[in-house]
Amino acid sequence: MINNKKNNLKGYLILLPTLLAFGLIIFYPTVRAFIQSFTNASIYNEASFIGLENYIKVLNNPEFWTAFMHTFVLVILAVSLQYILGMAMALLLNEDLKGLGWVKYTIMIPWVIPVASTVVMFDWLVLPDYGLINMILKNIGLGHLTRYWFGDKNFAFPLIVIMHVWRNMPFYAITLYAGLKSIPKYYYEAADIDGASAWHKFFYITLPNLKYPSMIVIVLHVLWTFNNFDFIYLSTGGGPVGSTEVLATQIYQTAWNYYEYGHASAMGILMMLVMMVFSIFYIRLVRSDD
Amino acid sequence: MHQKKSTLILKYIALISLTMFILVPFIWLFYSSFRTESAMFSGKFFENPNGLMIKHYFNVFQSGGGTGNFIGYFKNSILIASITTIVVVTISVFGAYSLSRFQLKFKNAFIITMLLSNMFPWVLLVIPIFGLLFSMNLIDSYAGIIFTHIILGLPFSIWLIKGYFDGVPKELDEAAMIDGLGPFQTLIKVILPVAAPGIVVASFYSFMVSWGDFLFVSVISQSMATKTLPIGLNNFFGSTQVAWGSINAATVISIIPTILLFSMLQKWIVEGLTSGAVKG
């Protein structure tokens with residue numbers, strides 16, 4: 001550890017660009033958004049202070065609560081499906097099966113490509129007559145089920161959940177797989193001697209030993225899903241008839257379609273408060289390990 | 001250990017289903033991008049009376065194929081993502097070095113706020129950032145977009161590189177000090193070479209988040225001159241006659257750079273990403 005006074009000054013100096021970047025791009029905007037949330041700032045008028053009016057308006061708006069519920073349901077469905085399928089994939093990767101090297105190599109690809117490209121890909125997949133899904137349905141005699149899945153009030157939301165699962169499940173798989181490899185083999189050997197079943201081994205050895213990586217991926221993705229804007233905005237835009245509207249798309253539209261910056265900021269601050277609870281939980285997890 | 005044949009078959013079925021779930025959308029897109037429009041819209045899977053062709057790719061590169069100024073978007077994306085990566089990694093190396101090797105007041109508080117900042121709602125921050133860039137006259141400029149992309153990559157990048165720096169034994173620093181190297185030279189000559197994998201992973205991550213960003217560019221870019229690929233892809237849907245041949249080809253092109261980079265650096269990236277989650 002470099003530890004004299006002169007060197008410490010250097011330590012602060014080389015941290016300066018980092019501090020500056022965070023100050024300008026995170027802290028200043030956050031403070032400004034907080035202040036703005038108490039004003040009627042918009043493209044049409046100079047901002048003047050209006051107290052809690054924006055917050056009262058937001059909390060009394062049923063559309064806000066609908067979007068809030070959608071966000072909540074999306075997070076719960078997407079994250080739990082991702083975890084279950086990711087765990088299944090991780091367990092399979094840990095088995096002695098052929099072709100695994102190749103699978104490990106390809107499954108991360110959904111995670112590295114732009115969300116906008118993913119949306120085009122899925123749109124092309126579910127197109128009314130010529131998308132793969134509808135073509136398959138027609139060919140197996142289920143032609144009456146064909147539809148434009150993104151345009152259907154009942155199916156747009158599940159389809160968005162599927163896109164989230166498609167993108168993030170491999171990340172869970174790889175992380176949990178790394179965790180699996182770090183569990184000592186003799187735990188399982190001891191369990192075998194005791195005649196434990198595969199289920200017992202999973203619930204009493206595997207799952208408890210994966211507690212830490214599991215919590216980390218879950219909390220990270222709860223936040224990511226909460227924050228994600230482009231999946232929904234680019235695929236359905238919140239429709240049809242508001243059935244996929246979430247907080248992120250509602251805030252974006254309030255700010256950039258209606259230019260009500262103050263109103264949008266109040267919604268954003270409320271969203272931030274909810275995310276903050278998860279974040280604090282996450283920090284405690286990360287720090288508790290030091 | 002012997003497993004029953006039926007369990008083994010079940011495992012293979014599960015593995016193949018999950019892998020197909022990931023791969024089918026890619027395969028269908030890739031295949032479609034080489035089919036003629038009439039084959040794409042024949043409702044048949046394998047019928048290609050006029051064969052497969054690369055016409056859509058030609059169209060996209062020559063005239064944009066009804067997709068706007070595709071080459072321009074591609075160039076913008078490459079430029080913005082590359083500069084963002086260089087800036088993010090440079091800042092991160094210094095920041096991580098400071099946090100890893102110096103005793104600073106408020107260090108823990110800073111690390112915690114850094115972790116927290118990764119979780120602020122971007123849709124909220126983009127509102128005041130727009131105001132800030134407006135007053136700096138940076139709306140609709142590369143600099144303005146890069147400015148916002150820095151923050152997408154920076155928190156994770158510092159966190160990751162700091163982890164690698166922490167793993168470099170302090171004895172190496174001390175040996176360098178005894179040889180008369182200052183902190184800066186120690187960083188460049190001793191620590192960086194050992195922590196190179198961390199730099200690679202952080203670079204890839206920064207490039208990827210900048211390449212994929214839609215939100216910030218959609219607000220800050222106001223003209224063709226600064227639009228990036230994700231915006232371009234989304235614009236195609238706006239046109240009344242959707243040119244699916246060109247869009248599919250354009251989408252394939254938009255995913256190739258990150259997939260190429262990923263496949264070259266795959267081993268390091270997977271290790272770098274998972275070690276953070278497993279070790280903390």
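1. The UniProt annotation "transmembrane region", taken from an unreviewed entry, covers residues 12-31, 67-93, 105-127, 155-180, 201-224 and 264-285 of chain A. The coordinates discussed here belong to a predicted model, and the annotation may be inferred rather than shown by experiment.

2. Two of the annotated spans can be described from the coordinates. For residues 201-224 of chain A, the end C-alpha atoms are separated by 32 Å, with 96% helix and 0% strand.

3. The secondary structure of chain A consists of 14 helices and 0 strands. Read along the sequence, its pattern is α-α-α-α-α-α-α-α-α-α-α-α-α-α. The radius of gyration of chain A is 24 Å, whereas the globule rule gives 19 Å for 290 residues; the value is well over the rule, so chain A is more spread out than a compact globule. The C-alpha trace of chain A spans about 75 × 75 × 30 Å along its principal axes.

4. How much of chain A counts as buried? Of its 290 residues, 54% fall in that class. Among the contacts in chain A with a separation of 6 or more, 66% are between residues 24 or more positions apart. The accessible surface of chain A amounts to about 13300 Å², and carbon and sulfur atoms account for 66% of it.

5. Helix α6 of chain A, residues 115-125, is mostly covered, with 11 of its 11 residues buried. The buried residues of α6(A) include V115(A), V119(A), V120(A), M121(A), F122(A), W124(A) and L125(A). Also buried in this helix are A116(A), S117(A), T118(A) and D123(A).

6. A198(A) belongs to helix α10 of chain A, which comprises residues 198-209. Is A198(A) buried or exposed? Its relative accessibility is 59%, and because the cut-off for an exposed residue is over 50%, A198(A) counts as exposed. A198(A) and Y188(A) are 10 residues apart along the chain, and their C-alpha atoms are separated by 9.8 Å.

7. Two loops of chain A deserve a look at the backbone. In the loop between α12 (230-235) and α13 (247-256) of chain A lies P240(A). The peptide bond leading from G239(A) to P240(A) is cis, with omega near -15 degrees. The loop between α13 and α14 (261-288) of chain A holds Y259(A). Phi of Y259(A) is near 55 degrees, a positive value in a residue other than glycine. With a relative accessibility of 29%, Y259(A) counts as partly exposed, because this class lies between the buried limit of under 20% and the exposed limit of over 50%.

8. Chain B comprises 13 helices and 0 strands. From the N terminus on, its elements run α-α-α-α-α-α-α-α-α-α-α-α-α. For the 280 residues of chain B the globule rule gives 19 Å, and the radius of gyration, at 24 Å, is well over this, so chain B is more spread out than a compact globule. Taken along the principal axes, the C-alpha atoms of chain B fill a box of roughly 75 × 70 × 35 Å.

9. Of the 280 residues of chain B, 54% count as buried. Where contacts in chain B join residues at least 6 apart in sequence, 71% of them link residues at least 24 apart. Chain B exposes about 11800 Å², and 69% of this area is supplied by carbon and sulfur atoms. The 16 positive and 10 negative charges of chain B have mean positions 9 Å apart.

10. Which loop of chain B contains N137(B)? N137(B) lies between α6 (122-135) and α7 (142-166) of chain B. Phi of N137(B) is near 60 degrees, again a positive value in a residue other than glycine. N137(B) has a relative accessibility of 68% and therefore counts as exposed.

Terms used
Residues are numbered from 1 along each chain as its sequence is written. Chains are lettered from A and ligands numbered from 1 in the order in which they are written. This is a predicted model: local features need pLDDT of at least 70, side-chain atom pairs count only at pLDDT 80 or more; totals for chains, interfaces and linings use all residues. Side-chain values use heavy atoms; hydrogens and water are left out. Helices (H or I, at least four residues) and strands (E, at least two) are DSSP runs, numbered from the N terminus. The radius of gyration is taken over C-alpha atoms; the globule rule is 2.2 Å times the number of residues to the power 0.38. Buried means under 20% relative accessible area, exposed over 50%, partly exposed in between (1.4 Å probe, protein chains only). Contact means heavy atoms within 4.5 Å. Accessible areas come from the Shrake-Rupley method with a 1.4 Å probe; for residues, only the protein chains shown count as cover. Lys and Arg count as positive and Asp and Glu as negative; His and the chain ends are not counted. The place of a charge is taken as NZ of Lys, CZ of Arg, CG of Asp or CD of Glu.
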